[in-house]
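Subject: Structure handover

Hello,

Here is the structure for your files. My notes on what was found in it follow below.

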Amino acid sequence: MLSQKRKQFLIFFVPSVLLLLLTVVYPLLYSLVMSFTSSSLKIKGMGSFIGFDNYIRVFKDAYFLKSAWTTVIFTVIVVTLEFLFGLIVAILLNRITYGKKVFFTIIIVPMLITPVAVGLIWRLLLHPDLGIINYMLSLVGIEGQAWLGDAKWAMITVVLVDIWHQVPFMILLLLAGLVSLPVEPYEAAEIDGANRLQTFWNVTLPLMKATIVVAVLFRVITAFKTYDLIYVLTKGGPGTTTEVISYHIYKQAYTFLDTGYASALSYVLLLVVLMLSAVFVKVSRGKA
Amino acid sequence: MSAKLQNKLLDGFTYAALVVCALIFLLPILWIIRTSFTTKVVAYQIPPQWFVRPTMDNYKAIFSDNPFGRYFLNSFGISLISTLIAVFIGAMAAFWIARRTAGGNFLRIAILGTQMLPPIVMVIPIFMVIKKLGLMDSWFSLIVTYLSFSLPYMIWLLIGFFETIPKDLDEACEMDGCTKMQAFTRVVLPLAAPGIMAAGILSFLMAWNEFLFALVLTGTGSRTLPVAIANMETQQGVMIAQLCAATVIIILPVIVLSLFIQKYLVNGMTMGSVK
C-alpha cells in the first residue's frame, strides 16, 4: 500500500519529471556524448570516440573565435542601447496620465512578433531598390545603402532591427520597476529641494538598481542566443560579418554536417550561458 | 508659476516623444499591412503609390498557390496540442512544487535553468534522435520537442500563480476529507483559472513563433508558418505583396491573443523576474 504522500508524488510530479527527462535531459546527455565523437551526418552511426579532440579544435577554430567575438560585440551594443532607450521610454510612460494604455499597447507589439517575421518586414523595408527606407532617405537627400548586403552596414543594421524588436521588452521590465517604486523617498527629495536630475540620479537610479541588473542580465542571456533574426536578415553575411555563435554552430551541423564538432561547440556556448544564468538567478533571487 | 509652466512644457515634450516612439514601432507594421492589400505591380513601385485600392488577391493567392492553409493548420495544431499537454501535466507539477517546503528551491532553479538553454544546443541531439526513430516531418516530433521548453515554462509560471492562492484553502478542503487531487481540481484550479489561461496563451505564442526546431525537424508535410514564410522569399524571389500577406497572417493571431493577457504579459515574458 502506497502512502498518501508517495501517491501524490507519483500523480502530480512524476509525469512532468519523466517528460523533462525525455525532452531535456536525454538530448543534453546525447549531445555531450556526441561532442566526444567524430559523429557526422555523412556517416552512419555515432562515429568513433575521439576524446577531447573536438574541444581542442574549438579553441583553434579562427572562425568560431570570430563568431564568439561577433556575438559579444552584438550583445554589448544591443543591450546597452536597448537599456538606454528602454529606460528613457519607460520614464516617459511613467510620467503621463492620459493615453498610457494606448501607448503601452502599441509599444509592446514588436516584441510579440516572431523574429522571422521581424526579419522579413525589415528586409522588405530595407531592400536597396524596392524598399521604402532608401526612398524616404532619397527624399531628404541622403543616399541609400545596401543595408544588409554591405559589410560596413550589415552589423549596424542587424543591431537596429534587433533594437526595434527587443526594446519593448526592456521598456516593460523597467516600467514595471518604476511603477512599484515607493513614494516616500521622492517626497523627502522634494522637501530637500532636489531638482529633477538630482532626484533621478540619487533616488530613482539607486532604487531601480536591482531591476536594472535583472533586466540587463536577462537580455544579455537572450541576446547571446540570437539565431532566428540573423538567419532571416543576413544568414551571417556578408562574408561572416554578422555570424553569431548560434548561427556558426548551425552551419557546422547542417552545412558541414559535422555534428560531433557542432555538439562540442554547443557545449561551450551552453557553459557560457549557464554561467550567465547562475549570476542571473543569484541576483534576481537575492533581490526578492 | 514657472514650475507649473516647466511642468506643462515637460508634459508636452513627453507626449511628443512618445508619439514619435509609437510611430517608430507602428509604421513598419502598417506599411506591411498596406502592401499586403496592393496588387503585385503597386507593391514594387518606387516611389510608392500612397493611396491604393485594396485587393484581397494576395491572401487568396497564398492560400491557393502555396499550401499555406496546411502550414497554418500545422502551426495551430502543433502549438495547441503541445500547450494543452503542458497545461495539464505542468499544472499538477507546479501545484505540487508550490505546496512543498523542502527541496522546492532546487526544483525552481532547475526549471528556470531549462529556460536559459540555447535552442541551438538542444536542436542537434533532438534532430539526431528523431532522425534515428524515423519520425522526421511529423506533428508528433514537433509536439514532443516543444514540450522541452513549454512544459518547464508552464511549471514556472504556474508555481507563481499557485503561490498567490492561500494554502489554507486547499488544506481546509483536505481536512474535510477530500484528496489532494480533489483539493486541487475543486479549490485551487477554479481560483487559478485566469492565470492558467494566460500562461496557456503565452506558451501557445511561444510555440507559434518558434523557428529553429521547426526549420530542422519539418519537411513539407508538417512545416509551420515561420519556416514557410522564411522559405517563401528564397523560393520565389521577392514576391513582396504575397510575403506581406503571409506576414500579416502570422502576426495577427499573436496581437489579438496578447490583448487578452496584457495584465500578465510583463510577468510572463520575464519569467516573473521583476516583481
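A word on terms first: helices (H or I, at least four residues) and strands (E, at least two) are DSSP runs, numbered from the N terminus. This is a predicted model, in which local features need pLDDT of at least 70, side-chain atom pairs count only at pLDDT 80 or more, and totals for chains, interfaces and linings use all residues. Residues are numbered from 1 along each chain as its sequence is written, while chains are lettered from A and ligands numbered from 1 in the order in which they are written.

Annotated spans

UniProt positions are given in the numbering used here, with feature names shortened, and the annotations may be inferred rather than shown by experiment. For chain A, an unreviewed UniProt entry lists "transmembrane region" at residues 9-29, 68-93, 102-125, 153-179, 200-221 and 264-283. In the model, residues 264-283 of chain A are 100% helix and 0% strand, with 29 Å between the end C-alpha atoms. Residues 9-29 of chain A are also 100% helix and 0% strand, and here the end C-alpha atoms are 25 Å apart. The unreviewed entry also gives "domain: ABC transmembrane type-1" for residues 68-280 of chain A. That span is 76% helix and 0% strand, and its end C-alpha atoms lie 21 Å apart.

For chain B, the unreviewed UniProt entry lists "transmembrane region" at residues 12-33, 76-97, 109-130, 142-162, 183-205 and 237-261. Residues 76-97 of chain B are 100% helix and 0% strand, with end C-alpha atoms 30 Å apart. Residues 109-130 of chain B are 91% helix and 0% strand, and their end C-alpha atoms lie 28 Å apart.

Axes are lines fitted to C-alpha atoms, for helices over the stretch in contact, and angles run from 0 to 180 degrees between N-to-C directions. Angles under 35 degrees count as roughly parallel, over 145 as roughly antiparallel, 65 to 115 as roughly perpendicular and the rest as oblique. A crossing is left-handed if the near helix is turned anticlockwise from the far one by less than a right angle, and right-handed if clockwise. For residue classes, Ala, Val, Leu, Ile, Met, Phe, Trp, Tyr, Cys and Pro count as nonpolar, Asp, Glu, Lys and Arg as charged, and the others, Gly among them, as polar.

Helix α3 (residues 62-95) and helix α7 (residues 154-179) of chain A pack with axes 7 Å apart, at an angle of about 45°. The two helices, α3(A) and α7(A), are therefore oblique to each other. Their contact comprises 20 nonpolar, three polar and two charged residues. The crossing of α3(A) with α7(A) is right-handed.

α7(A) also meets helix α9 (residues 196-224) of chain A, where the axes come within 9 Å and cross at roughly 160°. α7(A) is therefore roughly antiparallel to α9(A). This crossing of α7(A) and α9(A) is right-handed. Residues are in contact if their C-beta atoms, placed from the backbone, lie within 7 Å. On the α7(A) side the contact is made by A:Gln166, A:Met170, A:Leu173, A:Leu174 and A:Gly177, and on the α9(A) side by A:Met208, A:Thr211, A:Ala215 and A:Arg219. By class these are five nonpolar, three polar and one charged.

A loop in chain A

Most residues other than glycine have a negative phi, and most peptide bonds are trans. The loop between α10 (228-233) and α11 (245-254) of chain A holds A:Pro238, and the peptide bond from A:Gly237 to A:Pro238 is cis, with omega near -5°. A:Lys235 lies in the loop between α10 and α11 of chain A, and its phi is positive, near 50°.

Helix α4 (residues 68-98) and helix α7 (residues 139-163) of chain B pack at about 40°, their axes 6 Å apart. The crossing of α4(B) and α7(B) is right-handed. Their contact has 23 nonpolar, five polar and one charged residue.

Between the chains, 69 residues of chain B are in contact with 67 residues of chain A. Helix α1 (residues 2-36) of chain B gives the most to chain B's side, with 12 residues. That side divides into 55 nonpolar, 11 polar and three charged residues.

Regards

Notes
Contact = placed C-beta atoms within 7 Å.
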